[in-house]
Amino acid sequence: MIIWRSPSNIALIKYWGKRGFQLPMNPSMSFTLSNSYTETSIEFARNDTNPPELTFEFYFEGEKNQVFESKISRFLLKVFPHFPALLGYHIKINSANSFPHSSGIASSASSMSALALCLCSAELEIAGETTGFKSFSDKAAYISRIGSGSACRSVYGGLVSWGFTTRFEGSSDEFSMPVPIGIHETFSELCDVVLIISSKQKKVSSSLGHSLMEQNPFSSSRYKQAIVHYNELVEALESGNEKVFIRIVEDEALSLHAMFMTSSPGYFLMEPGTLKIIEKIRQFREETGLLICFTLDAGPNIHLLYFQENELDVKAFIERDLLDFCEKGKWIDDRIGKGPEKLGR
Ligand code: PMV
């Protein structure tokens with residue numbers, strides 16, 4: 001049995017708006033998490049179909065799941081031309097998350113990258129090689145990207161970039177890569193507390209949201225802003241400039257949500273608790289001088305970022321001032337991680 005554990009990631013420079021076959025309108029950058037992951041296993045056996053087909057069954061946390069199964073079916077249909085060796089095989093997929101569903105952790109990033117890695121490993125076992133791509137990681141990133149754009153960034157640990165940028169040779173809209181610079185040690189201990197404001201399902205799906213960017217009157221300025229932010233962030237990461245890091249990360253989160261509001265129809269994914277916590281974080285930073293900041297995904301939950309050296313103060317602040325705004329006081333403790341791990345075979 002092939003088993004991969006793949007973590008989710010949180011974007012510092014956001015990917016929002018796409019073109020062609022899951023290609024981003026601007027380069028993005030994230031860091032890979034550690035505790036929030038999906039574990040996926042694949043068992044495969046010949047199915048004797050004629051003509052040869054790839055067949056599958058899917059279990060989520062040990063049970064059949066119709067919604068996920070249809071999603072996987074659409075995904076496999078798109079990617080199977082890249083895996084000719086899997087034709088004539090039946091695969092049994094089992095998947096489980098380390099974090100609750102709809103908790104503000106991007107489960108598509110961890111689940112799609114875990115599945116892509118399993119498929120690439122299965123091909124390697126059956127065919128003895130990774131076909132059509134320069135490397136195993138490139139193929140895993142490409143296949144993850146087809147499942148969910150941001151998932152391709154989960155194929156690596158640490159700080160990861162996706163999308164073409166004049167800054168880095170070899171960067172591409174089709175693949176992700178570890179950010180190829182010497183990252184200042186300040187950023188080696190990034191921590192992320194996810195404050196759960198609401199665990200309700202997203203009101204607007206990612207694919208609808210991306211497509212609304214095509215008509216958004218501010219989209220071209222947004223793509224330019226993302227490039228400026230990307231370059232500034234690279235410099236801040238290299239030089240260890242925490243203040244610039246904080247400014248960019250918060251501006252990116254608010255710009256992402258501004259794109260939701262200025263789409264047509266406009267939509268709003270923050271909740272009153274989101275605004276309250278943002279205000280509290282900024283106030284705490286001003287009063288204590290501690291370097292903490294927030295970022296947001298496409299939802300109401302807050303990712304509170306801080307550096308490990310401030311852990312005790314930050315945790316005390318969370319418990320004292322923020323948990324009242326969280327759904328049933330829920331939060332998830334995470335940090336920058338090393339990337340996917342192969343656990344079986
Ligand atoms: O990967 P998708 O298509 O679900 O898009 C998600 C994009 C954001 O999570 C909102 C931002 C990002 O870059 O991760």
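1. Let's start with a loop: P51 sits between strand 4 (28-46) and strand 5 (55-60). Strands here are DSSP runs of E with at least two residues, helices are DSSP runs of H or I with at least four residues, and both are numbered from the N terminus. The peptide bond leading from N50 into P51 is cis, with omega near 0°.

2. Before going on, a word on what you're looking at. This is a predicted model, where local features need pLDDT of at least 70, side-chain atom pairs count only at pLDDT 80 or more, and totals for chains, interfaces and linings use all residues. Residues are numbered from 1 along each chain as its sequence is written, and side-chain values use heavy atoms, with hydrogens and water left out.

3. There's another cis bond to look up, between S264 and P265, with omega about 0°. P265 belongs to the loop that links helix 6 (242-261) and helix 7. Most peptide bonds are trans, and most residues other than glycine have a negative phi. You'll find Q22 in the loop between strand 2 (18-19) and strand 3 (23-24).

4. Strand 5 runs parallel to strand 7 (residues 89-97), and 6 bridges join them; strands count as paired if DSSP finds at least two bridges between them. Strands 5 and 6 make a hairpin with 2 residues between them, and E61 in the turn has a positive phi of about 50°.

5. Now for the open sheet of 4 strands: the order is 11-12-10-13 and the pairing is antiparallel. Strand 11 (292-296) and strand 13 (331-335) are at the edges with a single partner strand each, so one side of each has no neighbour in the sheet. On average, neighbouring strands are turned by 25° against each other, direction ignored. Strand 10 (residues 190-195) and strand 13 run antiparallel and are joined by 5 bridges; C191 has R335 of strand 13 as its bridge partner.

6. Which helices lie across this sheet's strands? Helix 7 (residues 272-288) lies across strands 10, 11 and 12 (302-307), at about 160° to strand 11. Helix 8 (residues 311-322) lies across strands 10, 11, 12 and 13, at about 150° to strand 12. Contact means heavy atoms within 4.5 Å; axes are lines fitted to C-alpha atoms, for helices over the stretch in contact, with angles from 0 to 180 degrees between N-to-C directions.

7. Finally, the ligand. Residues around it (a heavy atom within 4 Å) include W16, R153, H210 and D297. By class, the shell has 4 nonpolar, 5 polar and 3 charged residues; Ala, Val, Leu, Ile, Met, Phe, Trp, Tyr, Cys and Pro count as nonpolar, Asp, Glu, Lys and Arg as charged, and the others, Gly among them, as polar.

8. An oxygen atom of the ligand is 2.6 Å from a side-chain N or O atom of S150, and for S206 the distance is 2.7 Å. With S148, a polar side-chain atom lies 3.0 Å from a ligand oxygen. Taken alone, the ligand exposes 380 Å², and the protein buries 92% of that (Shrake-Rupley accessible areas with a 1.4 Å probe).

Definitions and conventions. A polar contact is a pair of N or O atoms within 3.5 Å; within protein, one must be able to donate a hydrogen and the other to accept it, and residues adjacent in sequence count only if both atoms are side-chain atoms.
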